[in-house]
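Work through the exercises below with the sequence and the 3D structure at hand. Each task is followed by a solution in steps.

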Amino acid sequence: MENRIDQTLALCRDCLARVPLAPRCAHCFGPRLLYHPEIDQLSIAHLDCDAFYASVEKRDNSDLEDKPLIIGGTGQRGVVSTACYIARTYGVRSAMPMYKARQLCPDAVIMPPDMAHYRTVSHEIRQLMEHLTPLVEPLSLDEAFLDLTGTNLLHKHSPAESLAHLVQEIERNIGIRVSVGLSHNKFLAKIASDLKKPRGFALIGKAETLNFLAQQPVSLIWGVGKATRTRLNTDGITSIAQLQQMEDTALIKRYGALGLKLYHLSRGIDERQVTADAPAKSQSSETTFAQDISSYETLEAVLWQQCERLSATLKKKGLAATVVTLKLKTPRHKQISRSRTLENPTRLADTLFAVGRSLLLPETGNGMSYRLLGIGGSRLVPIDTADHPDLIEPARARRATAEITMDKLNTRFGETVIKKGRSL
């Protein structure tokens, strides 16, 4: 993607000078020169911390620096949350069962995640981002979009130069390495941030967008998971170049709303804006069991605990769910999802539980056991639009009123001053 043009200045990522394009920087002799014909015009960035959880642990414990490190569940049913780049050379990947990771890398150090600590470090990184621009849209603890349009007037640097400064500041002050993608929209910026990991900085310009995407597989498109990829492959579509040759009407006819998305993204068209403090799209709570469970009564008890946790999260964030989804996973890792759309959005544990229980019951009593159970809420709306009085089911309305009253008492006198009998 780096097209050489004579007499055009590159950006040295080591000393931050603008220098003539050459194998090494004329100022510091560093090799990390960043050049692109549109380097001073692109302003939408995606910043991604490299192996974030593992990087934080290695930063805090120098004895781990040269060792393969895996962060995740340490029990029999544990799953890899992240692996350092040393462990990745053995084939260890995120979401891999921990027993398989141990087989691939028997000498790895395995640690449970310390999410509270990671959130603190993530907040420190976000504060540095917000020094550059108020338009920071976090996607998770370790990645975020930034819109630096117009910031050159404030910082007297192009977005690329400001990001290079930011990367150095994060490494120097926080001790975490990051990769950056810079482009003209969010879709391409996120793709760019993965191109040269770790500690990478890649750009995708407007002029090269179509040619760059044409060389990529359909799986590169945001939202094309295993099932969609299989469907496209069955239809003979394996590359983005093939999608670029198809009309929007044909794609929509074959794939519906997904077809229109494929048409736009295959051409690098993404009109989404970077939105600071964008509302969450969903919230969930789930548990992986130490042993498979088939008993409905046991699963129901776990479901109630998860509904309480999900309800507490929704209330804390001032949100309510319009769609409730039950998630189950079999011992062979087959995932089962069952959803229901509510006419009256809710943030109440009692209502979440009633819906979740109705979704759970048909999946039990058939000899099937499960290794994971979860409950989630999506299509989130402001809390003041939820849980209106139910004239058809007055008993449910009374339970809702009771839960709201309990919340008020617990807020005033302490979180555990009053609890439902089911919770005891």
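The exercises cover a pocket, a cavity and a surface patch in this predicted model.

**Exercise 1.** Describe the largest pocket by volume, central residues and lining classes.

Solution.
- Step 1: The volume of the largest pocket is about 1,600 Å³.
- Step 2: Its lining consists of 43 residues, and those closest to the pocket centre are P138, L139, S140, L141 and E143.
- Step 3: Sorted by class, the lining of this pocket holds 19 nonpolar, 17 charged and 7 polar residues.

**Exercise 2.** Find how many cavities of 30 Å³ or more the whole structure has, then state which residues line the largest cavity.

Solution.
- Step 1: Searching the whole structure gives 2 cavities of 30 Å³ or more.
- Step 2: The largest cavity has a volume of about 40 Å³.
- Step 3: R13, L16, R32, A164, V167, Q168 and F201 line the largest cavity.
- Step 4: Helix α6 (residues 159-173) supplies 3 residues, the largest share of that lining.
- Step 5: By class, the cavity lining has 4 nonpolar, 2 charged and 1 polar residues.

**Exercise 3.** Which residues make the nonpolar surface patch, and is I86 buried, partly exposed or exposed?

Solution.
- Step 1: The patch is made by I86, Y90 and L104 and has an area of about 240 Å².
- Step 2: In the secondary structure, I86 belongs to helix α2 (residues 85-88).
- Step 3: Buried requires under 20% relative accessible area and exposed requires over 50%.
- Step 4: I86 counts as partly exposed because its relative accessibility is 30%.

Technical notes:
Residues numbered from 1 in each chain as written. Predicted model: local features only at pLDDT ≥ 70, side-chain atom pairs only at ≥ 80, totals over all residues. Heavy atoms only, no water. 1 Å grid on protein atoms, 1.4 Å probe; cavity = no way out; pocket = protein on both sides within 12 Å on 5 of 7 lines; lining within 4 Å. Points joined across faces, edges and corners; volume = space filled by probe spheres on them. Nonpolar A, V, L, I, M, F, W, Y, C, P; charged D, E, K, R; others polar. Patch = residues over 30% accessible without salt bridge, like charges linked within 9 Å, V, L, I, M, F, W, Y side chains within 5 Å. Areas by Shrake-Rupley, 256 points an atom, 1.4 Å probe, with all protein chains shown as cover. Salt bridge = Lys/Arg side-chain N within 4 Å of Asp/Glu carboxyl O. Helix = DSSP H or I, 4+ residues; strand = E, 2+ residues; numbered from the N terminus. Buried < 20%, exposed > 50% of the residue type's maximum accessible area, 1.4 Å probe, protein only.
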